[in-house]
Each structure stands twice: as C-alpha cells, then as structure tokens.
Amino acid sequence: MSYRAPVKDMLFCMTELAHLDEVAKIPGFEDFGAETAQAVLEECAKLNEDVVAPLNWEGDKNPSSWKDGVVTTTPGFKEAFRQFAEGGWQGMQHPVEFGGQGLPKTIGAACIEMLNSANLSFALCPLLTDGAIEALLTAGSPEQQQAFIPKMIEGAWTGTMNLTEPQAGSDLALVRTRAEPQADGTYKIFGTKIFITYGEHDMAENIVHLVLARVQGAPEGVKGISLFICPKFLLNADGSLGARNDVHCVSIEHKIGIKASPTAVLQFGDHGGAVGYLIGQENRGLEYMFIMMNAARYAVGVQGIAIAERAYQKAAAFAKERVQSRPVDGSLPGSGPIIHHPDVKRMLMTMRALTEGCRAMALTAAAAYDAAHKHPDAEVRRQNQAYYEFMVALVKGYSTEASLEVTNLGVQVHGGMGFIEETGAAQYYRDAKILTIYEGTTAIQANDLVGRKTVRDGGATARAVAQQVAATEVQLAARDSVAARSMHKRLQAAREAYAQVVDFVVGNTKASPNAVFAGSVPYLMLTGNLVAGWQMARALLVAEERLAAGEDTDFMRAKISTARFYAEHILTRVPGLRDAILEGGDSVTALALESF
Ligand SMILES: Cc1cc2nc3c(=O)[nH]c(=O)nc-3n(C[C@H](O)[C@H](O)[C@H](O)COP(=O)(O)OP(=O)(O)OC[C@H]3O[C@@H](n4cnc5c(N)ncnc54)[C@H](O)[C@@H]3O)c2cc1C
C-alpha cells in the first residue's frame with residue numbers, strides 16, 4: 001500500500017492543540033495561519049506521496065554503493081532530491097534573507113514528518129543539512145553564513161555533522177581529530193570520523209562538513225573541542241567551487257536498515273591536511289554543535305512518528321484484506337478479515353494511539369519553539385524555551401522508542417508475511433531501529449532529561465508540566481462522557497505518579513546517582529507517556545466539542561476512541577514505571593560485575 005499523508009490529523013494537531021492562530025500572531029509568522037498551513041501540507045503531501053515514497057522500497061533493495069571513494073545513491077534519489085530542492089522544501093524553516101521560506105516549525109515539522117514517512121533514508125540528507133544551516137545561523141560569521149547557507153537552502157550543497165570517531169560515540173570528550181592553526185587563519189584538520197550520514201554522495205555539487213576537532217594544546221575533555229567547516233570542495237574567492245579538499249570517503253557501512261542512506265567513514269588530512277574554517281571561538285565547538293544536535297534530535301523524534309505512521313497505514317490496510325479465522329463473536333459465518341479479531345484491533349489501536357500521541361506532543365513542542373524564538377515578550381520566550389528543551393528529550397527519546405513498538409506490531413499484524421521482506425513491513429521495523437541509537441541513544445536522552453532538564457532547575461520545568469496536565473484534568477472533570485471520565489481517571493493517576501518520580505529524581509540524583517540513573521530510561525518513558533497522553537486528553541476535549549457541533553464527525557469520533565484507548569492501555573503503564581523507578585533501583589545494580 002502506498003503512503004497517504006495524514007494531513008487532517010496534522011492540521012488538527014496544529015490548529016487545535018498547538019494553537020497555530022497564536023503562532024501566526026508572532027511577528028514574522030503573520031502569513032502562516034491555518035489556510036496557508038493546509039495549502040503547504042497538501043503540496044508537500046503530493047511530492048512525498050508521488051515522488052519520494054515510491055523510492056523507499058527501491059532504496060532497501062538497491063542501497064547506496066561505494067567504489068574508489070565515490071558513493072552512488074539509489075537510482076531515482078538524485079532526481080527526487082532535485083525536485084525536493086526546486087520545490088523550496090530545504091529552505092522551508094530557514095530565514096527568508098538566505099533564500100528560505102521562513103515557515104514556523106509548527107508547520108515545518110509536519111512537512112518533515114511526511115518526508116520521513118515517505119522515505120527515511122532519503123530524508124536524512126535534508127535533515128542533516130537543516131542542522132548544519134541552523135548551527136551556522138547561530139555561530140557562523142556573516143561571511144560564512146553568506147558563503148554556505150544560501151547554497152544549502154538551494155539544495156546545491158548539502159550538510160553533514162561529523163562528531164563520531166571509533167573511540168568517541170556517546171562520549172564526545174574522547175574526540176581526537178586534531179586541528180592545526182595556519183598562518184592564514186585557516187586550520188588543517190587530521191583524523192578519522194565514522195558513521196557520517198551522507199558524508200559522501202552524488203546528489204549535490206558540494207558537501208559542507210561540520211567537524212568537531214581539537215586545536216593543538218586545547219584542554220582535555222569537552223571544553224577543548226572546536227567546530228570547523230570543512231567543505232568537500234574549497235571555494236574560490238567568488239564563491240564558486242575550487243580545489244578538492246583533503247577529506248575522502250574510504251568506505252560506507254552495511255546496515256540492517258536505512259540502507260539507502262550512505263553512512264560514511266571519512267578520512268581527513270591523509271594528503272597534507274584538510275582545510276577547515278573555525279566556527280565561532282576555539283573550544284566552544286560542542287556548545288555550537290549542541291544547537292545542531294537539538295535541531296537534529298527533534299527531527300529524529302519526528303522520524304519516529306513518521307515511520308510509525310507508515311507502519312500503521314500498512315498494517316491497517318493488510319488487516320482489512322487478510323482473511324483468517326472466524327470472529328469470536330460470530331459476527332461472520334466463516335473466516336473473515338483479521339481486523340475483526342479483538343487482538344488485531346488492539347495492535348492497530350496501540351499503533352495508532354502511540355503515533356497520534358507522539359505527533360501531538362511534537363507539534364505542540366514545535367509551537368513552543370516558534371514562540372521561544374520569535375515572540376516579542378522576553379518572559380514568554382524564556383518559558384517556551386524551557387518547555388521546548390524539556391520536550392526535545394521526550395520527542396526524541398519517547399517517540400523513537402514508541403516507533404519500535406509500533407513497527408514491531410506492524411510486523412506482528414502481518415504474521416509470517418511481515419517476517420518476509422516482500423510486504424515491506426519488515427523494512428519499517430529495521431529502519432526504525434537506528435532512531436533509538438543515533439543523535440544520542442535513548443539512555444543519553446534520559447540522562448539529559450534527568451540532569452539538564454529536571455535536576456538543574458530543581459524540577460521547576462518538570463513540575464510546571466505537571467501543573468498544565470492538572471489544568472486539563474479540571475476540564476475533563478467537567479465532562480460526563482465515558483471517554484472523558486476514563487481519561488480523567490488515568491491522566492490523574494499518571495500525573496500523580498510522575499510528580500512522585502520528579503520529587504525522587506530531584507531529591508536523590510546528587511546523593512544516590514546510581515539509584516536515579518537506574519531508572520532514567522523508565523523516567524523518560526513515563527514522562528513521554530504522560531505528555532503524549534495529556535495531548536490526547538486535550539484532543540479528546542476538542543473532539544467532543546466538534547462532534548457535538550456536528551463537525552467532521554467520523555474524524556472526531558475516531559479521535560475520541562483513540563484518546564480513550566490511549567488512556568486505558570498506554571497511560572496505565574505509568575504507575576508500573578513509577579514503581580520500577582522508586583523501588584527497583586537496587587535490583588538493577590545489585591549484581592556484581594563478575595556475575596554478568
Ligand atoms: C546509521 C548511523 C548513522 C549515524 N550518523 C551519524 C552522523 O551523521 N554523524 C555523527 O557524528 N555520528 C553519527 N552516528 C553515530 C551515532 O550518533 C552513535 O552511534 C551514537 O551516538 C552512539 O554511539 P556509539 O555507537 O559509539 O555507542 P556507545 O556510545 O558505545 O554506546 C553503547 C551503549 O552504551 C550506552 N551508553 C553509553 N554511554 C552511556 C551513558 N553515559 N549512560 C548510559 N548509557 C550509556 C548506550 O546507550 C548504548 O546502549 C551514526 C550512527 C549510525 C549507526
């Protein structure tokens with residue numbers, strides 16, 4: 001089954017939950033109300049459904065290949081990338097003065113979801129380019145911005161992020177790539193970077209590598225890392241492409257998923273030194289890279305939602321067609337489509353509820369990002385920034401873990417046909433696995449949630465989230481529908497469990513770090529579960545009103561059912577997670593290392 005972009009649900013999340021009308025009041029976003037959003041999404045859907053999605057299966061069967069330093073991408077990718085760039089999609093969220101469209105993230109994030117649903121491997125190239133643009137916008141000099149950003153927005157050049165080295169994965173303090181200052185103000189870069197997504201390819205004229213390296217004599221650890229621009233082709237004085245830089249792709253990896261996305265080993269400086277240009281100041285590289293990483297982490301979370309949506313669509317279509325067994329309620333005289341079986345429905349509802357919950361969480365977080373960046377009131381910006389940063393860990397950590405559950409269920413719905421490759425359900429499962437690993441593993445997101453996002457402000461942001469959830473409970477309590485009552489009960493229990501865990505994390509991280517970090521991933525999952533559930537509760541409140549007004553009744557009924565399912569089957573996981581965190585730390589750490 002081919003992909004159909006869920007435009008209606010995206011618009012619902014944007015307008016009803018993320019309050020796009022408020023975003024459109026922010027100076028700079030006045031042109032981006034609901035009507036524009038709909039037009040953009042429909043146009044975006046066309047490109048992704050018709051051009052990008054059909055290449056997904058092809059990419060799995062016919063991945064990128066390497067020969068003598070040259071990487072050839074899957075047939076069709078180059079042409080699709082040209083169409084993507086010509087449509088202006090690379091510049092969607094970037095500033096107009098550099099050739100972008102200046103769209104709010106609230107709309108842009110939905111477009112990014114579509115691109116990733118259509119083809120995760122393909123979408124990675126624009127994803128990394130977005131991150132490179134964002135890092136240059138924040139820390140690059142005006143000359144660097146002018147030299148590199150417009151070309152990337154145009155799609156003539158693409159960007160990469162070079163952090164990982166064989167000995168430095170999660171722990172970037174171990175980066176060893178070195179940078180030697182030159183008399184002309186440039187640097188010569190020497191070292192090996194591994195796992196570099198789209199580190200080499202044939203879809204663009206130039207590749208703008210952003211590289212973490214250590215300037216000679218810099219302090220040990222993360223405080224001695226600097227960030228450099230190291231383009232594949234150097235630029236002539238007029239900005240045109242000049243000599244080949246000394247950075248070469250020596251191989252690409254063979255992977256279980258996202259096979260069409262070339263994952264490169266890059267060798268810097270084997271022939272005298274790769275020319276690098278320092279971004280910002282020496283030794284502040286990791287700080288700048290974090291800007292790029294935060295943009296990329298959010299986008300990887302959206303990748304999770306995207307692959308979950310595609311897996312759900314495929315599973316739902318299969319379940320309507322595959323005939324097997326008589327329904328237990330005797331509603332059919334003989335064998336019927338498997339969607340009649342309650343357990344198949346349970347799987348589909350789990351897939352749907354997780355996907356919709358995570359989408360609502362991501363799009364409301366995007367609205368906070370927009371307010372944090374452009375709202376005229378400094379206090380509103382500050383509050384939204386804190387909320388957004390808290391959410392990034394959840395959008396990345398929770399949505400990607402959820403995508404594994406969803407794509408796994410997608411295979412299960414297909415039975416044996418899911419385990420063999422021909423249906424494509426297995427590809428989604430294999431592709432999804434990388435999402436909990438790159439841009440910081442789930443554990444790294446959880447560490448971030450505990451340390452930077454919860455403990456550092458004494459739990460203030462975490463508790464502010466709980467207060468907002470409690471406000472939604474008050475609204476639910478005023479309703480007397482079965483769905484609202486059920487949601488109220490589960491949301492309240494989950495929020496109370498969350499509050500206990502926040503107190504535990506804030507109170508014990510310093511004195512008993514092992515006890516807290518033994519439960520860091522469960523804390524991340526609990527919080528993501530609660531926040532996505534809270535957004536489903538808000539969706540339920542709106543959908544009941546719209547249904548009563550007779551608007552779009554099928555969609556609203558489905559939203560209410562899905563929200564109720566989330567409450568009863570997913571929010572109910574929260575108290576168990578709470579118990580594991582509060583009481584289960586010892587059993588995590590009890591076994592002596594020799595016993596493993
Ligand atoms: C397909 C692919 C594409 C990639 N693209 C890029 C790219 O474009 N640019 C780039 O720079 N890198 C890229 N990476 C690298 C990726 O970001 C790293 O693989 C990731 O950060 C994890 O590092 P690692 O593989 O060394 O695992 P490790 O750091 O060795 O982790 C192994 C395990 O230990 C756990 N662990 C490690 N430290 C901690 C800790 N402090 N607390 C708790 N648990 C911990 C991890 O969670 C994990 O389970 C890519 C990787 C892949 C596979």
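Predicted model: local features only at pLDDT ≥ 70, side-chain atom pairs only at ≥ 80, totals over all residues.

Colleague: Okay, strand β7 then: how many of its residues are buried?

Modeller: Six of the six residues of β7, which spans residues 226-231, are buried. Buried means under 20% relative accessible area, exposed means over 50%, and partly exposed is in between, using a 1.4 Å probe and protein chains only. The strands and helices are DSSP runs numbered from the N terminus, with at least two residues (E) for a strand and at least four (H or I) for a helix.

Colleague: And which residues point which way from β7?

Modeller: Ser226, Phe228 and Cys230 point one way, whereas Leu227, Ile229 and Pro231 point the other way, and all are buried. In a regular strand the side chains alternate between the two faces of the sheet.

Colleague: Which strands are joined to β7 by bridges?

Modeller: Strand β6, residues 206-215, runs antiparallel to β7 and is joined to it by six bridges, and Val208 has Pro231 of β7 as its bridge partner. Strand β12, residues 274-278, is also antiparallel to β7, with two bridges between them, and there Phe228 stands opposite Leu278. Two strands are said to pair if DSSP finds at least two bridges between them.

Colleague: Switching topic, which residues come nearest to the ligand?

Modeller: There are 20 residues around the ligand, and Met161, Thr164, Ser170, Phe195 and Thr441 come nearest; a residue counts as near if one of its heavy atoms lies within 4 Å.

Colleague: What is the distance from Thr164 to the ligand's nitrogen atom?

Modeller: A polar side-chain atom of Thr164 is 2.6 Å from a nitrogen atom of the ligand. On the backbone side, a polar atom of Met161 lies 2.7 Å from a ligand nitrogen, and a backbone N or O atom of Leu163 is 2.8 Å from a ligand oxygen. On its own the ligand has 960 Å² of accessible area, and the protein covers 62% of that, where accessible areas come from the Shrake-Rupley method with a 1.4 Å probe and, for residues, only the protein chains shown count as cover.

Colleague: You listed Phe195 there; what is its phi?

Modeller: Phe195 has a positive phi of about 60° although it is not a glycine. Phe195 sits in strand β5, residues 187-197, and is partly exposed because its relative accessible area is 49%. Asn283 also has a positive phi, near 70°, without being glycine, and it lies in the loop between β12 and α9. With a relative accessible area of 27%, Asn283 is partly exposed.

Colleague: Now the charges: how many salt bridges does a search find?

Modeller: A search of the whole structure finds 34 salt bridges, each being a side-chain nitrogen of Lys or Arg within 4 Å of a carboxyl oxygen of Asp or Glu. Side chains of opposite charge can pair when their charged atoms come close.

Colleague: Why are Lys46 and Glu43 about one helical turn apart?

Modeller: Lys46 and Glu43 are separated by about one helical turn because they are three residues apart in helix α3, residues 34-52. They form a salt bridge whose closest N and O atoms are 3.3 Å apart.

Colleague: What about Arg495, which residue does it form a salt bridge with?

Modeller: Arg495 forms a salt bridge with Glu473, the closest N and O atoms being 2.6 Å apart. This pair links distant parts of the chain, with Arg495 in helix α16 and Glu473 in helix α15, 22 residues apart. Arg495 is buried, with a relative accessibility of 17%, and Glu473 is buried as well, at 4%.

Colleague: Last one, which residues make the nonpolar surface patch?

Modeller: Leu591, Leu593 and Phe596 make a nonpolar surface patch of about 410 Å². Patches are built from residues with over 30% relative accessible area and no salt bridge, joining like charges within 9 Å and nonpolar side chains (Val, Leu, Ile, Met, Phe, Trp, Tyr) within 5 Å. Phe596 is in the segment after α21, and it counts as exposed because its relative accessibility is 71%.

Definitions and conventions
Residues numbered from 1 in each chain as written. Heavy atoms only, no water. Polar contact = N/O pair within 3.5 Å; in protein donor to acceptor, adjacent residues only side chain to side chain.
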